[in-house]
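Me: I would like to learn how to read a ligand site and a helix pair in a model. Please start with the ligand.

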Amino acid sequence: MFKDNKFIKNLLFNSWNFVLTLAASYFAITIPVLLLFHIESYSIFENLNLIAYSIYILDIPINLLKYKYSENEFVFEEKLTQSKYLKSWFILDLIAVIPFGAIFAIPFLQHIRLIKLIKVAYLMRVFRQRELQYSNIISIIFFLFWIAHFAHWLACGWLSLRGTDFNLSFIDNYVKSLYWTVTTITTVGYGDITPNSTWQTLYALLVEIIGVGAYGYLIGKLASHMNKRDPAKNMYLTNLENLSTLVKLRKVPKQLQKRMHEYYAYSYRQKHGFDESRFLEGLPESLSMDLSISLKKDAIEKIPLFENQDEEFLVEVAMHLKPTIATPGDYVFKEGDEGKNVYFLISGELEVLSGSDEKIVSILKAGDFFGEIALFRNVPRTASVKATTYCDLYSLSKARFDYVLNKYPGIKQTIEKVTISRVGNESQIDKS
Ligand code: CMP
């Protein structure tokens, strides 16, 4: 089962990591508190200790199992195998289960169990890097997890420096100390609880410094999260700002402004605002090809010409298809222009206009291609093509088109048939 089903395997291991995090968090919270207030006899803690301790012990065989079947599981780290695990994390896992406090009869040594938090931090990092889609929000949640633990430890430290107030209950003492820590960490600092010894003052200084760092980090993370949330929207807003600057500095006719605005809005709605070609450029060729095909797959499937073509063909074409948009009223090109590209219409509608009176000779719909005649026959454009709605198009350069036709005679024949059905045979075209 483990070998075959990667999804279930990941789900199981992620669930286990979650359980482990809960156990580590439980020890991280209770060990300092129980020692501080000398609490030993609550049976609830005894039971919970036993459960958390069993989880720590079970973690070792589970890890051995996990690393036996890990197949490129840790994409961001060197792949861990069972023997590598035994030389690395296993040592930490083992230290965390040895009851040093009981062996040496020094209760404070129980804190050694918190060493497991290093592994929790590592697992969190791996999880965050794997779940790229939500990595920002995940890092904020993890940050809150750590800051809550730090606040707790700092509150325990503050309490041990000041000593407990015997007139107050254990809960009241803790809450008061936590209140001081949180107000100090968040830089609110009401000043109603103040240090009254040099050590306390130094401690307060330390907490204040940690507070400023943590606060700055959180605000920075939140700001970057908000900023990265929708890159396409950011691009749209930047384009609008640029347009508004251009309009202020130079004279741009109202109608043209409106068309530009509409273009940006459409581009944003279709999620084209985010430039995918930037990603393709930075990748090695094979990855760039696969990504290119994956991004264009839906669009390519809508083009009947590409139906039933093999993978090799799709690779050769998809890599070179360039997305463009035409807004209503735009000419993709005009009659008599030099032919540089052939076009594939993914969505929208275009008119083919002929002659000086722009007679509509045909309406092109999603899945159609056009602009092939000029390339095929080495003549200027035989007609103008104008968008009547918003159109998503892919263009293919003349050089690539020629290459594809030479390599795939079947495609050439199909295109020729369509061309002849549009404008007749070669001699007729040459005459025109
Ligand atoms: P090209 O001549 O390169 O540029 C104009 C394009 O319009 C042309 O290629 C064909 O793709 C297309 N076209 C021309 N005439 C017709 C027609 N009668 N029906 C459909 N499409 C046409």
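Reply: Keep in mind that this is a predicted model. Begin with the shell: 13 residues surround the ligand, and the closest are Gly371, Glu372, Ala374, Arg381 and Thr382.

Me: Which elements give two or more residues to the shell around the ligand?

Reply: Helix H15 (372-377) and helix H17 (409-423) do. H15 supplies the largest share, three residues.

Me: How do the shell residues divide into nonpolar, polar and charged?

Reply: Seven are nonpolar, three are polar and three are charged.

Me: Which polar side-chain atom lies 2.8 Å from an oxygen atom of the ligand?

Reply: One belonging to Arg381. The side chain of Arg422 also places an N or O atom 3.1 Å from a ligand oxygen. From the backbone, an N or O atom of Ile373 lies 3.4 Å from an oxygen atom of the ligand.

Me: How much of the ligand does the protein bury?

Reply: The protein buries 93% of the 450 Å² that the ligand exposes when taken alone.

Me: Now the helix pair. What describes two packed helices?

Reply: The angle between their axes and the distance between the axes. Here, the axes of H1 (residues 6-36) and H6 (residues 116-130) come within 10 Å and cross at roughly 145°.

Me: Is the crossing of H1 and H6 left-handed or right-handed?

Reply: The crossing is left-handed.

Me: Which residues in H1 and H6 meet?

Reply: H1 contributes Asn10, Asn14, Asn17, Leu20, Thr21, Ala24 and Ala28. They meet Lys116, Leu117, Val120, Leu123, Met124, Phe127 and Arg130 in H6. By class, this contact has eight nonpolar, four polar and two charged residues.

How values were computed
Residues are numbered from 1 along each chain as its sequence is written. This is a predicted model: local features need pLDDT of at least 70, side-chain atom pairs count only at pLDDT 80 or more; totals for chains, interfaces and linings use all residues. Side-chain values use heavy atoms; hydrogens and water are left out. Axes are lines fitted to C-alpha atoms, for helices over the stretch in contact, and angles run from 0 to 180 degrees between N-to-C directions. Helices (H or I, at least four residues) and strands (E, at least two) are DSSP runs, numbered from the N terminus. A crossing is left-handed if the near helix is turned anticlockwise from the far one by less than a right angle, and right-handed if clockwise. Contact means heavy atoms within 4.5 Å. Ala, Val, Leu, Ile, Met, Phe, Trp, Tyr, Cys and Pro count as nonpolar, Asp, Glu, Lys and Arg as charged, and the others, Gly among them, as polar. A residue is near a molecule or strand if one of its heavy atoms lies within 4 Å of it. A polar contact is a pair of N or O atoms within 3.5 Å; within protein, one must be able to donate a hydrogen and the other to accept it, and residues adjacent in sequence count only if both atoms are side-chain atoms. Accessible areas come from the Shrake-Rupley method with a 1.4 Å probe; for residues, only the protein chains shown count as cover.
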